[in-house]
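I opened this notebook to record what I looked up, entry by entry. The entries follow the order in which I consulted the structure.

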Amino acid sequence: MNGSDAASEADAFYFDGLDNRRRAVRLRLAHQLEIFENGVAADTWPLETIRRTDGPPGELRLSSTAAPELARLMIADAAFAALLLGRCPSLDVRGGGAGAYTRIIGWSLAAAASILLVTIYGIPLIADRLAPLIPVAWEKRVGDMVNGQVKAIFDTKACSGEEGLKAFA
């Protein structure tokens, strides 16, 4: 093997997406990425389907849109990773496209509408049903606490004048 051949092959770890077993594999970069386990072809990934996934520094993690959803490759060989990165045209393309943004906006609007409806209709309905179940002693304690807070806010100024009593009535 000459230097260019050595760079087009590397060892890696492979999860096939079907079970949780980590497999030691040999990768060969040709017109597609070929994955060999024990000298036998285990999978092939077309270069345009390869996507970068999150991984630790110093390790390239990849998935393929043509493979099972959980299939992953973990590549530690920096020279091979650089060669592979240069050959994958859609490496950092995320799935979904414009339709994904429309779905996100639609679901966000639906969530906001549901929160608004619960606030306007749900809370008062629940309060009307729960209010008769609250013991009078609790009502008195809550009333005393609110009264103390109101007095603290308004400096215990009570409306005892004629205008205040008229407004209260």
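Entry 1, burial. I took buried to mean under 20% relative accessible area, exposed to mean over 50%, and partly exposed to mean anything in between. The model is a predicted one. I looked up tyrosine 14 under this rule: its relative accessibility is 3%, so tyrosine 14 counts as buried. Tryptophan 45 has 0% relative accessibility and therefore counts as buried.

How many aromatic pairs does the structure hold? I found one. The ring centres of tyrosine 14 and tryptophan 45 lie 6.3 Å apart and the ring planes meet at 65 degrees, so the pair is edge-to-face. The pair links distant parts of the chain, since tyrosine 14 belongs to strand E1 (residues 9-15) and tryptophan 45 to strand E4 (residues 40-46), 31 residues apart. I also noted a charge placed over a ring: the charged end of arginine 22 sits over phenylalanine 13, 3.8 Å from the centre of the ring.

I looked up the pairing of E1 with E2 and found that the two run antiparallel, joined by six bridges. Tyrosine 14 has arginine 23 as its bridge partner in E2. E2 and E3 also run antiparallel, with four bridges between them. They form a hairpin with two residues between the strands. Arginine 26 stands opposite phenylalanine 36 in E3.

I counted eleven salt bridges. Arginine 23 takes part in a salt bridge with aspartate 16, at 2.8 Å from N to O. A salt bridge also joins arginine 23 to aspartate 19, at 3.1 Å from N to O. Is arginine 23 buried or exposed? Its relative accessible area is 11%, so arginine 23 is buried. Aspartate 16 is buried as well, while aspartate 19, at 36% relative accessibility, counts as partly exposed.

I next looked up arginine 28, which forms a salt bridge with glutamate 34, the closest N and O atoms being 3.4 Å apart. Arginine 28 has a relative accessible area of 34% and is therefore partly exposed. Glutamate 34, with a relative accessible area of 16%, is buried. Both residues belong to a network of salt bridges that links Glu9, Asp11, Arg26, Arg28 and Glu34.

Which members of the largest nonpolar core touch the most other members? I recorded Leu33, Trp45, Leu73 and Leu84, out of 22 residues in that core. The elements that give two or more residues to the core are E1, strand E2 (23-29), strand E3 (32-37), strand E6 (60-64), strand E7 (72-75) and helix H2 (78-87). I then listed the contacts of leucine 84, setting aside residues up to four places away in sequence: Leu29, Leu33, Leu47, Ile50, Leu62 and Ile75. As background, nonpolar side chains tend to be buried together in soluble globular proteins.

Entry 6, strands E5 and E6. Strand E5 (residues 50-53) is joined to E6 by four bridges, and the two run antiparallel. Arginine 52 has leucine 62 as its bridge partner in E6. The two strands form a hairpin with six residues between them, and glycine 58 in the turn has a positive phi of about 85 degrees.

I located glycine 17 in the loop between E1 and E2. Its relative accessible area is 23%, so glycine 17 is partly exposed. Which residues does glycine 17 contact, leaving aside neighbours within four places in sequence? I found Pro68, Leu70 and Ala71. Glycine 17 and leucine 70 are 53 residues apart in sequence, and their C-alpha atoms are 4.2 Å apart in space.

I looked up isoleucine 115 and placed it in helix H3 (residues 97-130). At 57% relative accessibility, isoleucine 115 counts as exposed. Leucine 85 is 30 residues from isoleucine 115 along the chain, and the C-alpha atoms of the two are separated by 45 Å.

Conventions
Residues numbered from 1 in each chain as written. Predicted model: local features only at pLDDT ≥ 70, side-chain atom pairs only at ≥ 80, totals over all residues. Heavy atoms only, no water. Phe/Tyr/Trp six-rings, centres within 6.5 Å; stacked < 30°, edge-to-face > 60°. Buried < 20%, exposed > 50% of the residue type's maximum accessible area, 1.4 Å probe, protein only. Lys NZ or Arg CZ within 6 Å of the ring centre and 35° of its normal. Core = buried A, V, L, I, M, F, W, Y, C linked by side-chain atoms within 4.5 Å. Contact = heavy atoms within 4.5 Å. Pairing = 2+ DSSP bridges. Salt bridge = Lys/Arg side-chain N within 4 Å of Asp/Glu carboxyl O.
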